[in-house]
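Subject: Structure for you to look through

Dear colleague,

I am handing over the structure we spoke about, and I would be glad if you opened it beside this message and looked up each place as you read.

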Amino acid sequence: MTGLDVTARGLAGSPAFLLGLRRLFTPRNAFVAVVLAVIGYLAAVPLVYLLVGTFSGDGGFSLSAFGRAYGGNAQAGQMMVNSLVFSLGSGALALVVGTALAYVQVRTDAPFKGLLFAASMVPLIVPGVLYATAWIFLGDPQIGLLNTLVSQPLLGTSLVDIYTLPGMIWVEGTHMAPLAFLLMVGAFRAMDPSLEESAAMSGARPLTVLLRVTLPLVRPALIAAGLLMFVRSLESFEVPTLLGLNKGIYVFTSRIYFELRSYPIDYGAAGAYALSLLAIAVAGVLLSNYMNRNARSYQTISGKAFRPRTVELGGARRWVGGATVLYFLLAVVLPVVVLVYASLLKYYRGPSLEALREMSLDNYREAFASANAVTALRNSLILAIGAATLVMFITSVASWLVVRTKVPGRRLIDALSFTPLVIPGLVLGLSLLFVYLRTPLPVYGTLLILLIAFSTKNIPYGMQYASSSMRQISMELEESATVFGASWWTTFRRVLLPLASSGILAGWVYIVIVSFRELSSAILIYSPGNEVISILIWQQFENGSFTVLAAIGVVMIAILTALVLLANRLGARVGLQQGA
Amino acid sequence: MLDRSTRRGAAGVAVTVALALTVAACGSPGTSSGGGAAATGSSDVIDDLNGLSAGEQRDEAVKQAKEEGELDLYTGASEGTANALSEAFTEQFGIKVNVFRASSEDVLQRVLQESSANRLGADALFLSQATISSVADEDLLAGYEGSAADDLGADAQHDGWTTASGYLYLPVWNTDRITEGNEPTSWEDLADPRFDGQLTLEASDSDWFGALSTYWADQGKSQEEIDGLWADIVDGASVASGHSTMVQLLGAGQTGVNAMNYDYIAAGAQDDGAPVAYQQADGSVPTPAFVYPFGVGALGQAEHPAAAWLFADWLLDEGQDVLADRHLLSAAVAAGDEAPPGVTTIPFPTSVDEDSKDWADRYDALLRGVPVTGD
């Protein structure tokens with residue numbers, strides 16, 4: 001029995017009409033309706049704005065924006081190919097790396113777990129413009145440290161060129177891998193190992209167990225992660241603009257960026273690109289729903305008590321440890337060291353005795369001299385924690401509806417909740433300006449408008465985190481709670497939420513981090529006194545000093561790393577609680 | 001260890017508290033009211049101040065501005081400049097300045113959106129020529145006519161706004177990689193084979209592309225010659241995003257020359273000791289530089305009209321020293337009344353702003369190496 005479908009039946013048979021009506025107004029339905037209205041509203045505002053902007057021409061409805069975007073010399077074919085190679089490549093890299101890191105972290109007795117966790121999380125914390133710029137200083141053929149300090153002395157030539165598609169895929173993939181890591185950590189934690197044990201007892205080798213039992217069991221999370229990675233890299237703009245433009249590798253977002261940077265802004269053309277991204281994303285959502293159709297087979301959290309078994313790596317332990325250290329060096333140490341190094345200089349230059357002599361903390365002083373920086377940090381913290389809490393709360397309810405019920409329109413909610421992912425931030429900002437300048441509520445000119453922006457932007461992530469963990473919870477638990485007389489709200493709060501808490505917490509951590517970085521929607525709608533840290537970063541990037549920017553970045557990395565470690569300790573406890 | 005129900009209870013309380021705190025914290029307004037009902041009679045206040053004699057204007061503006069208490073400034077100037085201006089203004093008059101800072105184009109979007117909802121939040125604007133004249137075209141500005149503008153020539157006075165500062169567009173090079181005597185000496189020189197593989201262009205510099213193409217055409221070059229020059233410049237060039245990133249990479253030696261960067265960004269990098277230059281050893285600038293003006297204006301519906309008037313007056317007077325410290329041009333130079341020593345300046349052709357979309361498309365086509373459509 002799933003619930004809201006009583007509505008349709010109640011209306012169909014007229015004698016049962018009144019009864020059906022009464023059933024319709026249960027507290028649960030009212031609650032669910034409110035949550036859906038919130039999600040629908042948040043997602044619909046920018047979407048409608050985008051659609052109107054794209055399809056309205058001089059004389060009403062018009063498709064001319066698509067002509068401007070794709071016609072003439074737009075090189076749409078080449079751009080499409082680049083976009084797909086870039087997104088599939090970096091999505092696949094992030095998925096493989098993130099899943100491997102999560103598996104090793106949660107399920108094995110690998111050494112250096114702390115290092116592993118840092119390797120898995122820190123790249124996400126570094127703002128995109130800084131991560132990409134750090135890689136310029138590492139992988140530029142002329143001045144990249146990997147070339148000047150390693151490749152040229154040893155081989156006499158520059159081996160690394162970051163301005164290529166493989167270079168872009170590496171930077172984007174490692175930057176995104178934490179997103180996959182967080183999704184997969186939740187999935188691996190919430191896994192009943194009994195099937196693995198049966199396989200092992202039947203004589204399957206460990207690798208076979210991994211490939212044939214473990215990974216298929218976390219399929220919902222894998223699908224969600226794959227989809228998110230793919231769309232996320234389709235819409236990311238830092239790597240394409242900072243690295244791709246150098247040698248003319250254009251993708252969708254560098255075109256959107258171009259349209260939004262030129263004046264007067266062609267919102268129609270930008271919207272036409274964004275809608276193409278939307279079409280791809282919706283196709284992805286439908287595909288992932290189709291792949292998740294055998295819902296019951298992934299429900300590994302059942303009435304039986306379980307505790308995920310630790311896989312003993314044996315001889316492989318050394319290799320896994322080595323790979324952890326290597327990856328940590330490449331994805332975390334290199335870029336972060338470059339940033340710390342730059343933050344101590346007056347201007348960026350290659351390492352030399354002179355550069356060492358000149359190092360000072362002046363940039364940190366300058367960055368935090370203005371009162372703005374402290375206000376901005378505080379605002380960013382409030383908004384990040386607020387948006388993460390709000391989004392995970394409403395998407396938990398919405399994902400229950402999508403995963404567990406047969407309510408008509410649930411697919412629409414699923415698809416709608418995905419749309420903010422592809423709405424360009426600037427368009428989101430404009431749509432919020434448009435709406436809240438015209439409402440008497442105290443939203444415009446306050447932090448609330450930023451909270452709305454950051455929440456809207458993160459609904460897709462919240463939804464994927466929440467629903468992939470909902471999918472793992474067996475229906476029996478909910479049913480038995482209902483049988484024993486628990487109300488829906490009690491069941492939801494005391495059975496479903498605690499069981500899904502690992503994934504929900506992972507989503508929360510993710511949203512906290514990306515909200516700190518969210519810029520493009522914030523730039524238009526902040527007000528004096530309501531600055532956020534990402535705006536300071538952008539201002540330094542656009543018109544300031546890279547070394548001061550690096551200093552702000554280093555401070556931000558330190559604060560967020562502390563936050564994430566805290567959440568991880570909390571999360572470890574939540575994870576244990578499930579097994580109890 | 002807490003028992004389960006306590007922990008669950010605690011988690012529930014934590015979530016509720018977090019949400020409540022967030023909403024409470026977010027709901028409190030920032031320092032700016034974000035606009036309110038249009039203040040009536042704002043342009044009257046400005047007209048009255050304009051009408052006073054030169055001796056009385058400043059005193060009266062200060063008096064009224066202090067009564068108004070604060071100033072909401074929207075600007076496209078860099079963060080450092082915006083902060084320096086607001087601090088100096090507050091220090092001198094004791095009037096608090098709330099600054100909204102973004103790119104000039106983003107500020108324009110915000111002003112237009114606010115105007116369409118009749119909720120203007122700015123009193124004064126300090127923006128690029130292209131964007132402030134777009135605001136003026138919407139009839140949103142009340143012209144400043146104070147004694148500080150009297151010394152400026154007619155070219156500084158525009159319909160509703162006044163040229164207050166600006167910066168130069170010129171080639172910048174790395175002094176380690178480009179030896180003395182090998183610097184670019186003209187815009188045409190950038191097409192010289194010695195700069196193949198040495199140039200970096202910025203991805204959004206279509207206004208420079210338009211200005212230079214127009215300048216060359218005015219000098220009598222044929223379209224074919226102009227296209228040829230651009231083709232040689234772009235050949236083998238790198239493309240960067242962001243002018244300060246570009247100068248950082250130049251200082252680090254990524255390439256030898258920024259085909260175009262801003263003088264104030266290069267001068268700031270020089271202050272930090274970066275090996276970059278836009279002047280020859282004798283201090284002269286060999287390439288004629290485009291002057292890109294910034295203008296100041298007061299909004300006709302300003303909530304603090306006297307403060308807005310005072311800001312314009314101050315920016316054209318004492319504020320000029322603050323701008324000079326930031327390596328920005330004086331109002332007189334930006335308006336073309338004077339030239340800085342050792343520099344030949346070219347006024348930025350306004351036609352480029354008018355056709356900016358077209359120039360953006362052409363520049364984009366040039367960088368991608370594809371033919372321009374619609375020609």
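This is a predicted model: local features need pLDDT of at least 70, side-chain atom pairs count only at pLDDT 80 or more; totals for chains, interfaces and linings use all residues.

Among the contacts in chain B with a separation of 6 or more, 81% are made by residues 24 or more positions apart.

Two of the strands in chain B can be followed residue by residue. Strand β1 of chain B, residues 70-75, is mostly covered, with five of its six residues buried, and β1(B) pairs in the parallel sense with strand β2 of chain B, residues 96-101, over six bridges. Within that pairing, D72(B) stands opposite N98(B).

Strand β6 of chain B, residues 199-202, has two partners. With strand β8 (residues 257-262) of chain B, β6(B) pairs in the parallel sense over two bridges, and there the bridge partner of L199(B) is V257(B). With strand β7 (residues 238-240) of chain B, the pairing of β6(B) is parallel over three bridges, and E202(B) has A240(B) as its bridge partner. In a regular strand the side chains alternate between the two faces of the sheet. You can see this in β6(B), where L199(B) and L201(B) point one way while T200(B) and E202(B) point the other way, and all of them are buried.

On the α3(A) side the residues are I39(A), L42(A), A43(A) and P46(A), and they meet I452(A), S455(A), T456(A) and I459(A) in α22(A). By class, the residues of this contact divide into six nonpolar, two polar and no charged.

How many residues of each chain take part where chain A and chain B touch? In chain A there are 59 residues in contact with 67 residues of chain B, and helix α19 (residues 371-404) of chain A gives the most to the chain A side, with six residues. That side of chain A has 29 nonpolar, 23 polar and seven charged residues.

One helix pair spans the two chains: helix α21 (residues 425-436) of chain A packs with helix α5 (residues 104-116) of chain B at an angle of about 25°, with their axes 9 Å apart. The two helices, α21(A) and α5(B), are therefore roughly parallel to each other, and their crossing is right-handed. Here L430(A), L433(A) and F434(A) meet Q109(B), R110(B) and Q113(B), a contact with three nonpolar, two polar and one charged residue.

Finally, most residues other than glycine have a negative phi. F112(A), in the loop between α5 (76-107) and α6 (113-125) of chain A, has a positive phi of about 55° although it is not a glycine. Because F112(A) has 16 C-beta neighbours inside 10 Å, F112(A) counts as partly exposed. H327(B), in the loop between α13 (319-325) and α14 (331-334) of chain B, has a positive phi near 65°, and with 18 C-beta neighbours inside 10 Å, H327(B) also counts as partly exposed.

With best wishes

Conventions: Residues are numbered from 1 along each chain as its sequence is written. Chains are lettered from A and ligands numbered from 1 in the order in which they are written. A residue is buried if 20 or more other C-beta atoms lie within 10 Å of its own, exposed if 12 or fewer, and partly exposed in between; C-beta atoms are placed from the backbone. Helices (H or I, at least four residues) and strands (E, at least two) are DSSP runs, numbered from the N terminus. Two strands pair if DSSP finds at least two bridges between them. Two residues are in contact if their C-beta atoms, placed from the backbone, lie within 7 Å. Ala, Val, Leu, Ile, Met, Phe, Trp, Tyr, Cys and Pro count as nonpolar, Asp, Glu, Lys and Arg as charged, and the others, Gly among them, as polar. Axes are lines fitted to C-alpha atoms, for helices over the stretch in contact, and angles run from 0 to 180 degrees between N-to-C directions. Angles under 35 degrees count as roughly parallel, over 145 as roughly antiparallel, 65 to 115 as roughly perpendicular and the rest as oblique. A crossing is left-handed if the near helix is turned anticlockwise from the far one by less than a right angle, and right-handed if clockwise.
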